[in-house]
Amino acid sequence: MSALYRQLPAIDRLLKTEFGTQLLATFGHIATVNMMRIQLEKAREQIKQHQQLPDYCQTEQSFLQHIQQQLQQQRQVNIQPVHNLTGTVLHTNLGRAIWSEAAQQAAVNAMRQNVALEFDLQQGKRGHRDQAISELIARLTGAEAACVVNNNAAAVLLMLATFAQGKEVIISRGELIEIGGAFRIPDIMAQAGCKLVEVGTTNRTHLRDYAQAINENTALLLKVHSSNYQIVGFTTSVSEEELVQLGKEKGIPVITDLGSGALIDFREYGLPYEPQVQQKVAAGVDLISFSGDKLLGGPQAGIIVGKQEWIDQLQRHPLKRVLRCDKVILSGLEATLRLYLEPENLAQSLPTLNALTADLTQLTENAQQLQQALQQKLAERFEIAINNSDAQIGSGSQPTAKIPSIAVTLQPKSTKSEDLYQLVTQLKTLSQPIIGRIEADKLWLDLRSVADIEALLTTVNEL
Ligand SMILES: *Cc1c(COP(=O)(O)O)cnc(C)c1O
């Protein structure tokens, strides 16, 4: 064993070789030496456990090559691009909406330069961070003003903390939702320091249920859009209009967590109906919150719209400072919203809408190209076909609505189920991993959620 230890190269010597000098010039002394130490330590461990030298320690050359590889790998970012073939267009685990060109450009500008973030160029005095977006959203939704925070969960927290701390908030039992990732309405209420008052039953809540629960401690009536599930059958819920009427009579504000929050009528694009922000504004809801990276198709953000005096109060709350967005996000969001001023171009300019509205002829053409590319590599092991598929919007929009789509399916020719999982792993180790979904003993590669078909075909060539 000690003979094996003696065969390990010495760092000093390695650094003096031509290859070692090259590594120093590329990666610097600290990183190079650290990596050599780590790999030597691993080698010693292997000698101890298995009484053998790892392959990379056979020669100085092989050791240095190994170090170079490891150092290159260390430079790579872990949050790497993937091809989304899950069929879920807004996939939370894959980063939701893809930004429009305009949003990307605005964000890059903000990264590279100083921007007039809290600076009013017209009047030359200190402006407000959310000002530009507030005016735009007002135009688009009919609300008086807007407040922008880190995400919609933060928006709900801020609204509750500002207007209901130490007080009661009334909500229907049918709307006590969990969105996933620890966003549960009761928990957010507790964090905001308010008392949850549940009314009605899971499937039926009436206006009188709210009315009976109101007392002198009631601060808000809260509506939450049941994004990721649906209650069907014998159901009743109270509309915003009715709740606003009740709120007016009793002097209690009504707020809505809308979740996705569409700014356009999705039915006009042949898509399932999703409640629109402007409708809730028109219904007289005092504050409405929604996400920036769901159907809106922009960066992660939480947007609250409502009356100026209410928004002003949110802006003054200390939590707003904690939850505010940075210049890059705000720039990307502003550019995204500006696209809505030219709605005829939206299906072209907004990647989310583009994916949701892509026609089946186009998807079939893309599927044929993908099928061909896969056949060249995998035809021996898999039956590769084109199938009709059901895509989804994702991120809690219309969970039960299926959007017609086209998928390439791969079914192992053998009866071994490992073959399918091996393929899944193989696709995940490509330079840009390909993520599909398994259903009915096949791997489904759904074309509806693909952002870049050319890039996908290039990646498949690596197989
Ligand atoms: C998605 C969603 C949230 C959370 O929004 P994030 O932007 O992910 O923080 C809250 N409420 C509802 C109803 C939602 O659909």
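Biologist: How many bridges join β4 to strand β12, and which way do the two run?
Modeller: β4 and β12 (residues 302-306) are joined by 5 bridges and run antiparallel, where two strands pair if DSSP finds at least two bridges between them. Helices (H or I, at least four residues) and strands (E, at least two) are DSSP runs numbered from the N terminus. This is a predicted model, in which local features need pLDDT of at least 70 and side-chain atom pairs count only at pLDDT 80 or more, while totals for chains, interfaces and linings use all residues. Residues are numbered from 1 along each chain as its sequence is written, and side-chain values use heavy atoms, with hydrogens and water left out.

Biologist: Which residue of β12 is the bridge partner of A145?
Modeller: A145 has G306 as its bridge partner in β12.

Biologist: And what is the strand order in the open sheet of 7 strands?
Modeller: The order is β4-β12-β11-β10-β9-β5-β8, and the pairing is mixed. At the edges stand β4 (145-149) and β8 (195-199), each with a single partner strand, so one side of each has no neighbour in the sheet. With direction ignored, neighbouring strands are turned by 25° against each other on average.

Biologist: Which strands does helix α8 lie across?
Modeller: Helix α8 (residues 152-164) lies across β4, β5 (168-172), β9 (218-224), β10 (254-259), β11 (287-291) and β12, and runs at about 160° to β11. Here contact means heavy atoms within 4.5 Å, and angles run from 0 to 180 degrees between N-to-C directions, with axes as lines fitted to C-alpha atoms, for helices over the stretch in contact.

Biologist: What about helix α13?
Modeller: Helix α13 (residues 308-316) lies across β4, β11 and β12, and its direction is at about 25° to β4.

Biologist: Changing topic, what is the order of the open sheet of 4 strands?
Modeller: That sheet has the order β13-β14-β17-β16 with antiparallel pairing. Its edges are β13 (382-391) and β16 (437-439), each having a single partner strand, so one side of each is left without a neighbour in the sheet. From one strand to the next, the twist averages 35°.

Biologist: How many bridges join β13 to strand β14?
Modeller: There are 10 bridges between β13 and the antiparallel strand β14 (residues 403-412), and the partner of N388 in β14 is I406. Helix α18 packs on this sheet and touches β13, β14 and β17 (442-446), its direction making about 10° with that of β14. Helix α19 (residues 418-428) also packs on the sheet, where it touches β13, β14, β16 and β17 at about 35° to the direction of β17.

Biologist: At what angle do α18 and α20 pack?
Modeller: Helix α18 (residues 360-378) and helix α20 (residues 453-460) pack at about 10°, with axes 9 Å apart. The two are therefore roughly parallel to each other, given that angles under 35 degrees count as roughly parallel, over 145 as roughly antiparallel, 65 to 115 as roughly perpendicular and the rest as oblique. From α18 the contact takes N366, Q369, L370, A373, L374 and K377, and from α20 it takes I453, E454, L456, L457 and V460.

Biologist: How do the residues of that contact of α18 with α20 divide?
Modeller: They divide into 7 nonpolar, 2 polar and 2 charged, where Ala, Val, Leu, Ile, Met, Phe, Trp, Tyr, Cys and Pro count as nonpolar, Asp, Glu, Lys and Arg as charged, and the others, Gly among them, as polar.

Biologist: How do the axes of α3 and α4 cross?
Modeller: The axes of helix α3 (residues 18-27) and helix α4 (residues 29-50) cross at roughly 125° and come within 7 Å, and the helices are therefore oblique to each other. L23, L24 and F27 in α3 meet H29, A31 and T32 in α4, a contact with 4 nonpolar, 2 polar and no charged residues.
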